[in-house]
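Hi,

Here is the structure I promised to pass on. Have a look at it first, and my notes follow below.

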Amino acid sequence: METQMDSFRMFLAKQAIKMGNIAGIWKIALPPLEKVAYKIMIEKGDRIKNGSYYQREDKYYMVFNVLRAAFKAYDSSSPAFRNRITNIFIKEFLGPTQQIVKQEFKEKYGVYPPGFITISPEGRCNLKCKNCYASSIGSNLEKLDSTTFTRILHEKYEKWGSWFTVISGGEPFMWQDNGIDLIDIAAQHPEQIFMVYTNGTLIDKARAQRIASVGNLLPSVSVEGFKSETDKRRGEGTYRRILDAFENMRQEGVPFGISITANNNNVDVLFSDEFIDFYFDKQGAVFEWIFQYMPIGRGADVAGQLSPEKRREIWFREQELIRQKRLVVADFWNSGSLSSGCIAGGREDGYLYIDWKGNIYPCVFVPYWKDNVNKLLSEQRSLTDALFSDLFSGIRDWQLSYSFRKPPETRGNEITPCFMRDHHEQAHNHFIKTGALPGNESAEICLNDCSYLNAMKEYDLELSRLLDPIWEEKYRQ
Ligand code: SF4
């Protein structure tokens, strides 16, 4: 049955095609569209699929903040970006083809496929940032080969209807295999968008020109604050190199965003007006992804993660940035209402993560695995097989029992959505029960260390004490 979201999709598609280019919508049709969408998505929205009134509002603001930001960036983007992104938006997002592929997958496997994947093709990094999960194996020379990389991209597009890929690392722009690099991969897959988490220091003028010419690769550059915070964690001179990368991208018409990792020491700077004005208004960032330090990887430190009090405080600030300032800002944990909770384990519209060794994890922040993509492909199996391991399907069962697709009255708190961080005892038991393998030495230590488990349990109790009242008050109706 056609849903209200489908009718809205069709309406958008017709407008886009009629007008011949997407930018026209910004100038002429966006204000009335926002009104129509508000009625469809919020006043008449699907409570089971999209949650309570407040939750549907969260989703509405994110969709339209993205559209506003995209149309604003359109004029200063390179011709390749304009063409590629417009084509992908019309064909893949608004068009019917990928919906048909997803429906066929559902008929075959009984569940909808994941929406995207994150791949780290390269474990090495040219920086050595404190507490980076990648840097715990920073000297490792393993990398994903280009044939496997391409097969993964092909399978997810053809079999899952997935046209969005996140690239992480190591430093992704260091990856090369068989004479091709990441920008070549993006050029070979014009039907897909690649969002690349990078430290930015390798985006010189020549690389910015190449990114501008392919038009489907969006860099998200990590910053720690201003000069002192960035150079302290990432090394002297890093901040200057990042500002140079921004300048190179602006000159070449490459839209870009920033990503931040909040901890108790830098959180006040990262959420200040000064920070937001500098990166969005002066530097021209189009979006911001907010991560909170996760105690995994080298030197996992539970006490180093953002305190429950600070996490509560930034939830209110994030709401202000999204609802009043209308910015594209999303927090991997606090914004769980946008994605209807945890998206790990290859959930419908969710994702999985593949590292440079080919190990397949439920999430970037869940360092436990069972399947390896190199092994699966060598056995004439496919990436899809990994979705049905007990590790993955158990996580999807947990999501369904906790909140996913539940009515607002019984839906678990989706601003504490995280299987790994916010409900760690259940995650820990699941890893033990399924015999999941740790992805690195630190993950192995955490799995067997009672003090780690107890500290995470205490954190979760306090988190729930502070954030559950917000959920009860705002998200139940
Ligand atoms: S496990 Fe946590 S970090 Fe990973 S997708 Fe779920 S909520 Fe997000």
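In what sense do S1 and strand S2 pair, and over how many bridges? S1 and S2 (residues 164–167) pair in the parallel sense over 4 bridges; strands are DSSP runs of E, at least two residues, numbered from the N terminus, and two strands pair if DSSP finds at least two bridges between them.

Before going on, please note that this is a predicted model: local features need pLDDT of at least 70, side-chain atom pairs count only at pLDDT 80 or more, and totals for chains, interfaces and linings use all residues. Residues are numbered from 1 along each chain as its sequence is written, and side-chain values use heavy atoms, with hydrogens and water left out.

S1 also pairs with strand S10 (residues 351–354), in the parallel sense over 4 bridges. Ile119 stands opposite Ile167 in S2, and its bridge partner in S10 is Ile354. From S1 (residues 116–119), Phe116 and Thr118 point one way while Ile117 and Ile119 point the other, and all are buried (under 20% relative accessible area, 1.4 Å probe, protein chains only). In a regular strand the side chains alternate between the two faces of the sheet.

Then there is the ligand. Around the ligand sit Phe332, Trp333, Cys342, Ile343, Ala344, Cys363, Phe365, Val366 and Cys418, each with a heavy atom within 4 Å of it. This shell divides into 9 nonpolar residues, no polar and no charged; nonpolar here covers Ala, Val, Leu, Ile, Met, Phe, Trp, Tyr, Cys and Pro, charged covers Asp, Glu, Lys and Arg, and polar the others, Gly among them.

Enjoy exploring!

Notes. Buried means under 20% relative accessible area, exposed over 50%, partly exposed in between (1.4 Å probe, protein chains only).
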